[in-house]
Every structure is written in C-alpha cells, then in structure tokens.
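Dear colleague,

I am handing over the structure below, and after it I set out what was found in it. Please read the notes with the model open beside you.

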Amino acid sequence: MSHPDPYGSTEPRGWDRPAPALPWPETDLEPGPWQRPAPGPDGYPADAGAYARPVDREAYARPVTDPHPGGPRPYDGPPSGGRGPRPYDGPPPGGRGPRGDDRPGGSDRPEDEFPTAQIAPVRDEPTDHPPAVRDEPAAEPPSGRRSKGRRRASAERPPTTAPRASKAGRNLPAAIGVGVGLGAAIVVPLFFFLPAFLAVLAAAVAIGTWEMARAVRRSGAHPPLVPLVAGGVIMVGLAWFAGPDALCLGLLVTVLGTMIWRLGDGPGNYQRDLTAATLIVVYVPFLAGFAALLAAAPDDGHLRVLVTLVAVVLSDTGGYAAGVAFGKRPMAPKISPKKSWEGFAGSVTAAAAGSALLLWLLFDVAPWWGALFGVAISCAAVLGDLAESMIKRDLGVKDMSNLLPGHGGLMDRLDSILFAVPTAYLLLAVFVPVVG
C-alpha cells in the first residue's frame, strides 16, 4: 500500500513524473543535479546540459575484446608525468599466482576466510609457571666409559662419598686439632716459662685487634690500626708489671692516642671512626689485660689462668654436646640460631662440676664455691659468645677471619675467654686471696 502524496496528488511519485510547477516564474532555471534527464529514443540518457557528463553513445555499443588473450599484459610504462604501478609479468612457473591459486592475485581459500586463520594463535600465559617440560630419559653414557670426575667402585675401592658437615656447621676434626694446638701454645709456656706466656698474650691481642679493625671497615668506619695495636700491647704489659690501675691508665692513653692520630686524616667520619676504635680498645686489649693480671699473681698465677681456661673449655664442650643431643628450644634465634637452652644447661652443668673439683684440689676451696665459680664463668663465656655473634651479624660477616681452620678467626675463639677472665679475676680475688 502506497502512502498518500503529501502534496495532495494521488499519482505515485517517480523520476518520470514531471516537476511540479513553481509558484513563481523562473524561465532561466536549468535542470540541476537533483533532476534526472529524460531518456532518449535509444534508451540512453540524453544530454542534460552543463550539469550532466557528455555521453559517448558509441562506447555503449563497442564490443570489449582482449588484445592479449591467454598471456601477460604488456606494461606501457607509467602515465606521462606520474608514477604508475609495477608491471605484472604473470604467474610464476607452475601456474600458481602470488596468493596461492591459478589466477594472478587470486586465492584458493574461501572468500570469507581470514588470511591468517591457519596460523596457530598465541595465548597469553602467565610467566610465573614455566611451560611444562616433557620428562625424557637422560642420555646414558656410552658403554665402557664413565663420567668425568668419578671412578668405578669395586671390592678393593669402595665408592667415594662427600664428607658430611657436622651438626654444629663446622669441620669438627680440624676444629679439635686447632683447639688442642692453641691450648698447648698457652699451657706449655704457662708452666715452663711464664714470660713466654706474656708474649703469647701480646701476640693474641695484636691479632685480635687487627681482625676487629678489619671487620668494622665493612660498616664504613676506618679506625687507625697502628695506635690500636701499639696501645693494646702496651696495656697488656702495664697490667702484667703494674697491676689493674696501670691497665686502666693504659686504656685512657690508648684512646687519647687514637683520637690524636685520627686527626691527621681530616674531619670526615671522625666520630664514627673514634667510636669504632674505642669499642676495639675496650673489647680486646682491656679485657685481655685481666688474663695478664691473673698470670701475674705471685706463686699461683699459672694455676689461676689454668682453672679459668678449663672452666671455659668445659662450658663450650658441655654446651656443644648437650645442644647436639637435646637442643630444641633456641636461646637467641636472632643472634645465634644454633644456641639452645638445653645447650646452655649443659654448659653450666659441665663448668660447675669441673670447677668444683678443680678448685677443691688446687686451692682447697669448698666444692659449692667452686661450683658457683663454674656457673659464673659459664654465664660470662656464653654472654661473650653472644656479644661477638651480635657484632658479626651487625657487620654482616660470618667469621672475623679465616686464620684458624674450623674456627674462623682468632677472635672467634677469644670471644668467650675475654668475658670470662675479668669474672675469674674478681671471684678468685675473693675465694683465693692473693698473698703478698
């Protein structure tokens, strides 16, 4: 059903309908592009004037022929004054065009198929999980040959196995051998030539001071090494020959000498270097000077040093044995994870029992006082070990050095002794007064 003409006419609208008469006269108006020219007698549109393109009537009737049937079209070059497309020389040998079919530029795939449909899609996989690798059997070496670095086991030559580390985390045989050697270096001069013990003590102080100064350099501090080593050796000599007052005086002189020496390097990081130097002076030479005070006691100085060293050794041995056998609850996990309360109980028990027996035999001291001496020495030794462990963790080092196999540095062995000798000096001054 056709809609009624909005102009009131009942004729259907079309291109053949004459244009409606305008209410005003326009005699010079020519047909515009919105008016379709009427067709001529031959069925082709007639000339519509300036707004219509001239029509070549002969072109409609001229047959279209291909001057080059079955072959490539020649390339006459680009149009004059411009650049044209590249010539096409036809399909390559074999009869297939560049797009995969028998006609130039054609395609043997369906028209509605995307050209890249045959390419496998790439999926975005998370990089957290690497692609699964197919488990393939490892290539076996050729028969008659063995892999490099291994030998064939036999009845006479059992297979080699890698040495297992001890539960304490160190080479136990090497540690025992080095410990016995250090003990002999102390005990032999202590009983046979006492002044040689002073030389051993001074050398230990010098090496320990060097190790501490080397370790604190990791924190950015650079304490002067020469005044520290020289002052430490002098402090040990003053304690040996002049007593505890001279030891305190040597401490003050060494600190002042280090301050003056450090002024030559300029004001940069002066406070940091002086703080590190003061820590080293108090920690190594000053505490080691009490060992010289013990040895300098008349008549029984060597015995005082002996009972102190034995109590420290018993504390370390008992703590190691109990910790390996029963250690479950850590004592200070953030400072020393391998120390346990069970090991501490073993340290105290071994030191108390050994000291009670040794002080009763050597100094005729009641066993309970000897046990108290052992408990105090054991607690001081454990605190000294924890203190150095805290220093090493703060500096980010495992050992102070690698001079001693199985032990690390010399300071790793002196840490418990340095806290034990002042405690032993004070307790023995009460339990066994110095005569003369």
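What share of the 436 residues of the protein counts as buried? The figure is 31%, where buried means under 20% relative accessible area, exposed means over 50%, and partly exposed lies in between (1.4 Å probe, protein chains only).

Before the details, please keep in mind that this is a predicted model, in which local features need pLDDT of at least 70 and side-chain atom pairs count only at pLDDT 80 or more, while totals for chains, interfaces and linings use all residues. Residues are numbered from 1 along each chain as its sequence is written, and side-chain values use heavy atoms, with hydrogens and water left out.

The secondary structure comes to 10 helices and two strands, and along the sequence these follow the pattern α-α-α-α-α-α-α-β-β-α-α-α. Helices (H or I, at least four residues) and strands (E, at least two) are DSSP runs, numbered from the N terminus.

Helix α6 (residues 270–295) packs against helix α10 (residues 411–431) at an angle of about 50 degrees, with their axes 8 Å apart; that makes α6 oblique to α10. Axes here are lines fitted to C-alpha atoms, for helices over the stretch in contact, and angles run from 0 to 180 degrees between N-to-C directions. Angles under 35 degrees count as roughly parallel, over 145 as roughly antiparallel, 65 to 115 as roughly perpendicular, and the rest as oblique.

Turning to charged contacts, a salt bridge is a side-chain nitrogen of Lys or Arg within 4 Å of a carboxyl oxygen of Asp or Glu, and by this rule the count comes to five. Among them is the pair of aspartate 300 and arginine 304, whose side chains meet at 3.2 Å, N to O, and both of these residues are buried. Glutamate 342 bridges to arginine 329, with the closest N and O atoms 3.1 Å apart; this pair links distant parts of the chain, since glutamate 342 is in helix α8 and arginine 329 is in the loop between α7 (301–326) and β1 (330–332), 13 residues apart. Within that pair, glutamate 342 is buried at a relative accessible area of 16%, whereas arginine 329 is exposed at 55%.

Lysine 339 forms a salt bridge with aspartate 385, the closest N and O atoms being 2.9 Å apart, and this pair too links distant parts of the chain, with lysine 339 in strand β2 (residues 336–340) and aspartate 385 in helix α9, 46 residues apart. Lysine 339 is partly exposed, with a relative accessible area of 21%. Leucine 386, which also lies in helix α9, is 47 residues from lysine 339 in sequence and 9.1 Å from it in space, C-alpha to C-alpha, and leucine 386 is buried, at 13%.

Two backbone positions deserve a look. Most residues other than glycine have a negative phi. Asparagine 269, in the loop between α5 (244–262) and α6, has a positive phi near 55 degrees and is partly exposed, with a relative accessible area of 44%. Aspartate 364, in the loop between α8 (341–362) and α9 (367–395), has a positive phi of about 55 degrees and is exposed, at 64%.

With kind regards
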